[in-house]
Amino acid sequence: MEIPLPIPGALGVQFDFLGRPITCRLAGPGALPSLCFPLSPFLQTFSARNVLALVAAALTESKLLLHSQDLALLPVMAESLLSLLYPL
């Protein structure tokens, strides 16, 4: 299946995958990307000092290891950290 890339700032591209409609959009110029999840779990889990340490480690391309007893929380934490690095 070949899906065209949406035009930034345009309505987007919609297609069906396994019977479910999927819509892809790119943020317009100068706009921040939309998040599919809230940043509040990330900011409530880590102190301000730890958030800054994680961002600094990511910016310096250090290796980061995220560990949690709740496996469902790991992708949200990793994506939250990546979203704080936007547009880098």
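The buried residues of α2 have covering elements that include α1 and α3; cover here rests on contact, meaning heavy atoms within 4.5 Å. Helices (H or I, at least four residues) and strands (E, at least two) are DSSP runs, numbered from the N terminus. The model is predicted, so local features need pLDDT of at least 70 and side-chain atom pairs count only at pLDDT 80 or more, whereas totals for chains, interfaces and linings use all residues. Residues are numbered from 1 along each chain as its sequence is written, and side-chain values use heavy atoms, with hydrogens and water left out.

**Helix α2**

In α2, the buried residues are Val51, Leu54, Val55, Ala57 and Ala58. Around the helix axis they cover an arc of only 160 degrees, which puts them on the same side of α2; the arc is that of the directions from the helix axis to the C-beta atoms. Buried means under 20% relative accessible area, exposed over 50%, and partly exposed in between (1.4 Å probe, protein chains only). Ala48, Arg49 and Leu52 are exposed on the other side of α2. An α-helix has 3.6 residues a turn, so residues three or four places apart point the same way.

Ala58 belongs to helix α2 and counts as buried at 19% relative accessibility. Setting aside neighbours within four places in sequence, Ala58 is in contact with Leu64 and Leu85. The C-alpha atoms of Ala58 and Leu81 are separated by 8.4 Å, and the two residues are 23 apart along the chain.

After α2 comes Glu61, with a positive phi near 60 degrees. Glu61 is in the loop between α2 and α3 and is exposed, with a relative accessible area of 72%.

**Helix α3**

The buried residues of α3 are Met77, Ser80 and Leu81. Viewed down the axis of α3, these buried residues fall within an arc of 95 degrees, so they line one face of the helix. Their cover includes α1 (40-45) and α2 (48-59).

Ser80 lies in helix α3 and is buried, with a relative accessible area of 0%. The Ser80 side chain reaches the backbone oxygen of Val76 at 2.7 Å. That pair falls under the term polar contact: a pair of N or O atoms within 3.5 Å, where, within protein, one must be able to donate a hydrogen and the other to accept it, and residues adjacent in sequence count only if both atoms are side-chain atoms. Apart from neighbours within four places in sequence, Ser80 is in contact with Phe37, Pro38, Leu39 and Phe42.

The spans of the two helices are set out below; the expected span is 1.5 Å times one less than the number of residues.

| Helix | Residues in helix | First to last C-alpha | Expected span |
|---|---|---|---|
| α2 | 12 residues | 16 Å | 16 Å |
| α3 | 12 residues | 17 Å | 16 Å |

In α2 the span is close to the expected value, and the span of α3 is likewise close to its expected value.

**The hairpin**

Strand β1 (residues 13-17) pairs with strand β2 (residues 20-24) in the antiparallel sense over five bridges. Two strands pair if DSSP finds at least two bridges between them. The bridge partner of Phe15 is Ile22, in β2. In a regular strand the side chains alternate between the two faces of the sheet.

β1 and β2 form a hairpin with two residues between them. Leu18 lies in the loop between these strands and has a positive phi of about 55 degrees although it is not a glycine. At 75% relative accessibility, Leu18 counts as exposed.

**The whole chain**

The secondary structure of the protein comes to three helices and two strands. From the N terminus on, the order of elements is β-β-α-α-α. Of the 88 residues in the protein, 15% are buried. Among contacts between residues at least 6 apart in sequence, 37% join residues at least 24 apart. The protein has an accessible surface of about 7200 Å², of which 62% belongs to carbon and sulfur atoms. Accessible areas come from the Shrake-Rupley method with a 1.4 Å probe; for residues, only the protein chains shown count as cover.
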